[in-house]
Amino acid sequence: MPSAQDQKRLLDGDEGPNTGGMGAYCRCPLVSDADLKFIHEKILQRAIDGMKKENFPYVGVLYAGLMLSKDGPKVLEFNCRFLDPETQVILPLLVTDLYSIMTACVNGELAKVPVTWNEKQHAVDVVLTCGGYPGSYENGKLIKGYEKLTNDCFVVFHAGTSSKSGSVLTSGGRVLTVVAVCDSLKEAAAKAIQSGERIHFEGAFFR
């Protein structure tokens, strides 16, 4: 999969408290071809080979959380699942049907499925949170505006929302993630921010 970077700090300029992720972008231009080769061969492949050698072959999603240091990529964690908001900017660039990939994994036939990606576009998302997040916050705030994002370049993911009497309300700290897919990283970032400004609920915040 292509690389993605998420923004953990609550505020602009990477300031404020740590969060589950305030947004992400894909592909990450900070990762060089040499870094990607190292990650593939020395981290991911070694992890897979190690589990197989110990008779615990892994089938599923293995997501590596990495940090770029002066000494090269370092592993922070491995996750046996997709992560958000990173995955929400990765999967919109996937051309191959995800179900076909997952079925091939289960059946041990992944090598037979050509996994292809949209190489020409970039994706950026912003996470809209409740006021007070990542600390205490109130739920039940009416959400408006997201339904107007019908342009093909936008995808809206619900996270902390609920439905009541036909209305959509906040029900968690990270409420919605809005993804923009465009021909350039700069354009995608601008549109993702613009889309965030069009969604309204009491205490809404994004960086």
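The count of disulfides (pairs of cysteine sulfur atoms within 2.5 Å) comes to zero. Cys-80 is in no disulfide; the nearest cysteine sulfur belongs to Cys-105, 13 Å away. This is a predicted model: local features need pLDDT of at least 70, side-chain atom pairs count only at pLDDT 80 or more, and totals for chains, interfaces and linings use all residues. Residues are numbered from 1 along each chain as its sequence is written, and side-chain values use heavy atoms, with hydrogens and water left out.

**Burial**
- Buried means under 20% relative accessible area, exposed over 50%, and partly exposed in between (1.4 Å probe, protein chains only).
- Cys-80 counts as exposed, at 57% relative accessibility.
- Cys-182 is buried, at 3%.
- Of the 207 residues in the protein chain, 36% count as buried.

**Fold and size**
- The protein chain has four helices and 11 strands; these are DSSP runs (helices: H or I, at least four residues; strands: E, at least two), numbered from the N terminus.
- The radius of gyration of the protein chain is 18 Å, close to the 17 Å from the globule rule for 207 residues, so the chain is as compact as a globular protein of that length.
- That radius is taken over C-alpha atoms, and the globule rule is 2.2 Å times the number of residues to the power 0.38.
- Along the principal axes, the C-alpha atoms fill a box of roughly 50 × 40 × 35 Å.

**Contacts**
- Contact means heavy atoms within 4.5 Å.
- Among contacts with a separation of 6 or more, 63% join residues 24 or more positions apart.
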